[in-house]
Amino acid sequence: MTTSPESEHPIKAYGYAARDTSGSLSPLTFSRRAIGEKDVRFKVLYCGICHSDLHFIKNEWGITKYPVTPGHEVVGVVTEVGSKVEKFKIGDKVGVGCLVGSCKSCQNCTDNYEQYCPKQVGTYGAVNFDGTRTYGGYSDHMVTDEHFVLHWPENLPLDSGAPLLCAGITTYSPLKYFELDKPGTKVGVVGLGGLGHVAVKMAKAFGAEVTVFSTTAAKEKEAIEGLKADHFIISKDEQQMQAARGTLDGIINTVSANHPIAPLLSTLKPHGKLVLVGIPDKPLEIAAFSLIGGRKLVAGSNIGGIKETQEMLDFAAEHGITADIEIIPINYVNTAMERLLKSDVRYRFVIDVANSIKAE
């Protein structure tokens with residue numbers, strides 16, 4: 001007999017969930033576990049809407065089990081802590097990103113790469129170690145193992161900082177890992193959306209010379225004047241792409257739509273790196289010579305570990321980095337998803353959870 005979401009755990013919770021591949025979100029009463037000795041319970045204040053949420057609620061990746069309550073850019077305030085919690089106390093501002101569990105014993109976990117743990121537990125739509133499903137931040141409260149809870153810097157805004165828990169770490173981590181974080185490094189950013197605009201801010205804070213690639217000419221003013229990028233290239237313009245050949249040390253490619261990779265590779269210097277953080281649904285087409293001819297690298301990167309995510313939040317607070325957001329109530333979420341599908345947001349929706357999710 002299948003246990004209902006409302007009866008899995010003893011503590012009642014309220015949120016919004018999708019129940020089928022339409023992706024339509026509506027109120028759901030479910031349940032959260034009683035806190036264990038290392039758990040932190042917190043009231044959700046804000047939750048960002050990630051493009052992954054849209055894919056997931058529509059089961060576009062073929063892994064969704066319904067009902068699903070999305071949200072992995074979650075910020076809140078601690079209301080209860082377990083008896084052996086050491087890092088948090090009631091009243092602390094906290095964040096939870098894309099992970100709420102891992103084995104803590106494999107080499108990846110030991111090396112602070114929990115995002116590559118074979119037993120990682122996603123913040124929503126995953127199976128936890130107790131066999132129950134995880135529910136995300138489109139909800140009134142959460143309970144999380146303290147290892148996966150992040151301290152929120154005092155001077156980082158809660159609302160516009162929330163998307164950094166996904167978009168921030170997704171762009172910060174590859175800049176660091178692939179050594180594109182040195183002052184004067186020439187970095188390209190492909191796409192100027194939720195991920196791309198944060199990538200520009202992160203790269204500029206590291207002291208990089210930043211070139212934005214976009215198919216939309218109208219975004220040039222936003223890129224140069226708004227985000228302080230150094231250069232803007234319309235990626236469909238062969239003349240502009242030709243002029244950029246061999247000029248970049250690395251590229252962070254945030255685009256999830258299918259697009260040609262070869263023109264981007266041509267803009268890299270020898271030994272340059274093209275790092276994918278967007279997820280196109282078709283395989284890439286890459287000519288071997290385009291890599292061999294300059295010892296170029298095509299790589300991927302997926303969020304970051306907990307230690308690095310905390311480092312990213314502290315870096316963002318120090319450098320005044322936040323996402324550009326539009327705050328919405330939860331009852332606007334379906335319209336927000338429709339707009340997100342059309343890229344009609346500059347650049348991230350954030351749900352005002354505390355003021356709009358109420359017990360039914």
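What percentage of the 360 residues of the protein chain count as buried? In this predicted model, the figure is 54%.

The overall build comes first. The protein chain contains 11 helices and 17 strands. Its C-alpha atoms fill a box of roughly 60 × 40 × 40 Å along the principal axes. A compact globule of 360 residues would have a radius of gyration near 21 Å, and the protein chain has 20 Å, so the two agree. Contacts across the sequence were also counted. Among contacts with a separation of 6 or more, 64% join residues 24 or more positions apart. The accessible surface of the protein chain comes to about 15800 Å². Carbon and sulfur atoms hold 51% of that surface. Charged side chains number 37 positive and 41 negative. The centres of these two sets lie 2 Å apart.

Helix H5 was examined next. H5 covers residues 194-206 and has 13 residues. From its first C-alpha to its last, H5 reaches 19 Å, close to the 18 Å expected at 1.5 Å a residue. Why is H5 described as largely enclosed by the rest of the structure? Buried here means under 20% relative accessible area. Of the 13 residues of H5, 11 are buried, so the helix is largely enclosed. The buried set runs from Gly-194 through Leu-195, Gly-196, His-197, Val-198, Ala-199, Val-200, Lys-201, Met-202 and Ala-203, and also includes Phe-206. These buried residues pack against two helices, H4 (167-177) and H10 (306-319). They also pack against strands E10 (186-190), E11 (209-214) and E17 (348-352). Gly-207 follows H5 and has a positive phi, near 95°.

Helix H4, one of the packing partners of H5, gives a related picture. Of its 11 residues, 9 are buried, so H4 is largely enclosed by the rest of the structure. The buried residues of H4 are Ala-167, Gly-168, Ile-169, Thr-170, Thr-171, Tyr-172, Ser-173, Pro-174 and Leu-175. What do these buried residues pack against? Their partners include helices H5 and H10. Strands E10, E13 (248-253), E14 (268-276) and E17 are also on the list. Just after H4, Glu-179 takes a positive phi of about 55°.

Two buried loop residues were then considered. Ser-102 sits in the loop between strand E6 (99-101) and helix H2 (107-110). Is Ser-102 buried or exposed? Its relative accessible area is 4%, so Ser-102 is buried. Neighbours within four places in sequence are left aside in the contact list. Ser-102 then touches Cys-109, Glu-114, Cys-117, Lys-119, Gln-120, Val-121, Phe-129 and Phe-148.

Ile-261 lies in the loop between E13 and helix H8 (262-266). Its relative accessible area is 2%, so Ile-261 is buried. Beyond its neighbours within four places in sequence, Ile-261 is in contact with Asn-253, Leu-274, Leu-276, Leu-284, Glu-285 and Ile-286. Ala-287 is 26 residues from Ile-261 along the chain, and their C-alpha atoms are separated by 9.5 Å.

Most residues other than glycine have a negative phi, and most peptide bonds are trans. Which peptide bond is cis, with omega near 0°? The bond from Tyr-66 to Pro-67 is cis in this way. Pro-67 is placed in the loop between helix H1 (51-57) and strand E4 (74-81). The peptide bond from Arg-346 to Tyr-347 is cis as well, with omega near -5°. Tyr-347 lies in the loop between helix H11 (333-341) and E17.

Positive phi values were found in loops too. Ser-343 has a positive phi of about 60°, although this residue is not a glycine. Its place is in the loop between H11 and E17, where Tyr-347 also lies. Asn-112, likewise not a glycine, has phi near 70°. Asn-112 lies in the loop between H2 and strand E7 (121-122). With a relative accessible area of 30%, Asn-112 is partly exposed.

Definitions and conventions
Residues numbered from 1 in each chain as written. Predicted model: local features only at pLDDT ≥ 70, side-chain atom pairs only at ≥ 80, totals over all residues. Heavy atoms only, no water. Helix = DSSP H or I, 4+ residues; strand = E, 2+ residues; numbered from the N terminus. Rg over C-alpha atoms; globule rule 2.2 N^0.38 Å. Buried < 20%, exposed > 50% of the residue type's maximum accessible area, 1.4 Å probe, protein only. Contact = heavy atoms within 4.5 Å. Areas by Shrake-Rupley, 256 points an atom, 1.4 Å probe, with all protein chains shown as cover. Lys, Arg positive; Asp, Glu negative; His and termini not counted. Charge placed at Lys NZ, Arg CZ, Asp CG, Glu CD. Expected span 1.5 Å × (residues − 1).
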